[in-house]
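Visitor: I am new to this structure. Could you show it to me and take a few questions?

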Amino acid sequence: MTPAFDVLIIGGGVTGAAIARELSQYKLSLALLEKEAELAFGVSKSNSGIIHPGTQNPADSLKGKLCVEGNRLVRQLAMELGVHFVEVGELIVIFHEQDRPALLRIKEEAEHLGVSGLELVDRTWLQTHEPLLNSDIVAALFAPTAGIISPYRFVYALSENAQRNGVEIYLEHKVTGIKKHSSGFLVRTENQVAFQTRYVINAAGLYADEIARLIGIQNIEIHPRKGEEYLLDKKQEHLTRHLIFPLPDKTSKGILIIKTSDGNPMIGPTAEPVESKEDLTTTEAGLNKILISAQKLLPTISKEDIIAYFAGVRPVSGNDFIIRHEAAVPGFMQVAGIQSPGLTAAPAIAKMVGKLLQEQGLKLKKKRIFHKQRQASPHLFNLPLAQANRLIHRNPAFGDIVCRCEMVSAQEIREAVQQGARTLDGIKFRTRAQAGRCHGGFCTTRIMKILAEELNLPLTEVTKRGPGSEIIMDCRGTKFCAPTSERDANEK
Ligand SMILES: Cc1cc2nc3c(=O)[nH]c(=O)nc-3n(C[C@H](O)[C@H](O)[C@H](O)COP(=O)(O)OP(=O)(O)OC[C@H]3O[C@@H](n4cnc5c(N)ncnc54)[C@H](O)[C@@H]3O)c2cc1C
């Protein structure tokens, strides 16, 4: 039978997950369809994790308004859902007095958007609070409300809570067809499943233009813009106290020094238009550009500090977000062009989508019981030693360390699987196992074994990020076959 819903969300990144969680407080039947093996495998996995204060957006832009509101809402959600959020503040620095008017303009525009606490700070302030910054920096705009969060753990917290409140999540369901009919839509997926729904929300990130085209809307174009980022060793955690930004240019906020909620600082990102939405390559040119720009801000940064790198692709469509009800297709909502600051703005986007749905006749009646809170699983890497010891005493599986670089236990990995992880990347994003200096060289086989046990799968079906990324192939197959020693270890 075709499942029927009030609202169907296409896309399980931070936007789709935030919308799902927001709508789950109402008496509605809701579904979210995601093409990948897990949520947060699109743009939402590869970003800087900054909860922007709203300082670098055009004064009258939708993204500026939603960024400022999102910054407020993320704090509340982080508390309700047990996500680690830290308000670290940001500094936009200048090297020349002649750039002071530009800094003042950013301040004025941000104040117009409602950003609070902005302050111009001078060289003496900077020398006290950020002693490692380049001493040629003459002043900075300090925005205390900037924060940091783990982008994927935020998505998982939102979606787990949405699910607890009744949202049905369908993974590996790539939407390939949408038909409008008198009472709503028939949405079809690649795996031949059909869904009936009254409303559709297009939150498909880089592919929002392709989803729009399925229903005949041709005027949305997503232009991929790649950003390379480089992660530094955790030893450099205290390199800076704040997020450090140069003056922004027309297309991007520039190369930053980023604090992350997991400790490792990052430098980046670049902003390069690319042909392919799947271009996640990092390049020598990107690395050089980032190193030179980061060292200009903070001369002690060294190439040897870099332990990992990645690239993300921004779904750019003009200069602003496109969030609207599609009048030509009643019941169809576009949430497209969600480039930066989409991570920050997502909870505000979700509220805006709720209002748009209401304007289009959807009744939003609060549920009598809404589970607002989520109990987060403990992570050894951010627990004080005494607390970690108590945990291990209560459950020795917390003392069985699987990932030595990041101190992740077997129990945390099992809990991650129980909460929805299906792949090695899913485990990495939830727990940090494999994210350290050895890149999983030590722990991958053990994690695969736990995944296989918990999901009741043969090891040959354990994947890195979904079908097609299997690690071990059956020796009768034609592809890669793990060396005998590795196979033996896995099968023990
Ligand atoms: C390098 C970089 C740094 C950034 N830094 C920041 C930052 O510090 N702070 C900030 O606020 N923002 C930042 N951003 C922006 C932020 O990451 C994005 O705005 C946000 O992640 C977009 O989320 P989304 O849910 O709209 O898209 P996505 O996360 O891409 O989610 C869309 C989902 O739709 C799925 N999908 C696509 N097609 C289909 C289909 N046919 N059927 C089913 N599912 C489908 C995809 O698989 C994907 O999971 C950054 C972006 C980049 C690239």
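Guide: The conversation below turns to the ligand and then to a sheet. This is a predicted model, in which local features need pLDDT of at least 70, side-chain atom pairs count only at pLDDT 80 or more, and totals for chains, interfaces and linings use all residues. Residues are numbered from 1 along each chain as its sequence is written, and side-chain values use heavy atoms, with hydrogens and water left out.

Visitor: Which residues come nearest to the ligand?

Guide: Thr 15, Glu 34, Ser 44, Ile 338 and Thr 344 come nearest, out of 40 residues around the ligand (a residue is near if one of its heavy atoms lies within 4 Å).

Visitor: And which domains supply that shell?

Guide: Domain 1 (1-83 + 145-222 + 317-376) and domain 2 (84-144 + 225-310) each give at least three residues; the bounds come from an automatic or database domain assignment.

Visitor: What does the side chain of Thr 344 do there?

Guide: An N or O atom of that side chain lies 2.8 Å from an oxygen atom of the ligand, a polar contact being a pair of N or O atoms within 3.5 Å. A polar backbone atom of Lys 35 is 3.1 Å from a ligand nitrogen atom.

Visitor: Changing topic, what is the strand order in the open sheet of three strands?

Guide: The order is β3-β8-β4, with antiparallel pairing. Strands are DSSP runs of E with at least two residues, numbered from the N terminus, and two strands pair if DSSP finds at least two bridges between them.

Terms used. A polar contact is a pair of N or O atoms within 3.5 Å; within protein, one must be able to donate a hydrogen and the other to accept it, and residues adjacent in sequence count only if both atoms are side-chain atoms. Helices (H or I, at least four residues) and strands (E, at least two) are DSSP runs, numbered from the N terminus.
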